[in-house]
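Here are a few notes to read with the model open in your viewer.

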Amino acid sequence: MANRLMLLGDSILKGVMYDSDRNRYSLYDDKWFIEETARKGLPVRKQCRMGATVDYGLEHAEGVEQGDSVLIELGGNDSNYNWSVVGESPDDEHTPATPPERFRDCYRRLIEKVRSAGAEPIAVNLIPIDSPSFFRWISRTADGAGVLKWLGDENMLYRWHEYYSRIVEEVANETGCRLLDLRGKLLTNHSYGHMLCGDGLHPNAEGHTLIRELLLEAVF
């Protein structure tokens with residue numbers, strides 16, 4: 001067994017939730033998860049930040065230690081756009097935070113960096129989003145009509161997000177990195193539609209509980 005479990009990711013592993021009624025973000029209380037992993041002899045170190053991209057992962061992989069198991073959960077923010085700019089100029093070309101080929105290259109380098117520290121990288125693919133809810137979220141601060149014109153249809157949001165998840169899976173396969181298929185487990189869960197917040201992106205408390213239960217299954 002590993003000496004320590006490191007969570008290297010964005011708001012999903014951080015436990016961010018959005019409260020529509022209070023119009024604010026909050027954090028899921030995963031004390032039980034921390035206690036359970038510690039009881040089983042695997043203390044957790046979190047290196048997660050809301051908005052984190054693969055560049056954040058490369059920077060903070062410096063803290064990886066020999067013997068760690070490192071869950072890498074990144075890609076959602078890399079796939080995102082400046083939606084206000086998109087809405088204002090829907091006939092122009094737009095670039096995501098991290099273009100696909102650069103994301104692929106950086107993710108591969110991140111896996112190599114974790115391994116070079118004597119640790120085991122575990123790639124985590126992206127959890128599914130809800131396109132209609134995410135589009136409504138975008139349209140709060142961007143021109144929805146312009147964004148929709150550029151997208152072609154709302155479901156492009158889902159497809160583009162899934163494309164980055166596929167890149168994670170492909171890089172894991174190419175490098176022989178262990179993959180935690182979190183996406184597959186959630187896609188086949190009949191209750192998953194009730195486990196997302198109103199922004200269509202972040203899990204609610206029920207969703208975060210399920211994700212941590214799946215993490216426990218994967219590492220023990």
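The points below take the strand, then the helix pair.

1. First, a reminder that this is a predicted model. Residue numbers count from 1 along each chain as its sequence is written.

2. Have a look at strand S5, residues 68-73. How many of its residues are buried? The count is 6 of 6, so this strand is mostly covered, given that buried means under 20% relative accessible area.

3. Both sides of S5 share in that. Asp-68, Val-70 and Ile-72 point one way, Ser-69, Leu-71 and Glu-73 point the other way, and all are buried. Note that the list takes in Asp-68 and Glu-73 along with Val-70, Leu-71 and Ile-72.

4. S5 has strand S1 (residues 4-9) as a partner: the two pair in the parallel sense, over 6 bridges.

5. Now the helices. H5 (residues 100-116) and H8 (residues 156-175) have axes that come within 10 Å and cross at roughly 40°. That angle is why the two count as oblique to each other. The crossing is right-handed.

6. Which residues make the H5–H8 contact? On H5 they include Phe-103, Tyr-107 and Ile-111, and on H8 Trp-160, Tyr-164 and Ile-167 are among them. Arg-104 and Arg-108 of H5 take part too, as does Glu-170 of H8. By class, the contact has 10 nonpolar, 1 polar and 5 charged residues.

Conventions. Predicted model: local features only at pLDDT ≥ 70, side-chain atom pairs only at ≥ 80, totals over all residues. Heavy atoms only, no water. Buried < 20%, exposed > 50% of the residue type's maximum accessible area, 1.4 Å probe, protein only. Helix = DSSP H or I, 4+ residues; strand = E, 2+ residues; numbered from the N terminus. Pairing = 2+ DSSP bridges. Axes fitted to C-alpha atoms, helices over the stretch in contact; angles between N-to-C directions. Parallel < 35°, antiparallel > 145°, perpendicular 65-115°, else oblique. Left-handed = near helix turned anticlockwise from the far one by under 90°. Contact = heavy atoms within 4.5 Å. Nonpolar A, V, L, I, M, F, W, Y, C, P; charged D, E, K, R; others polar.
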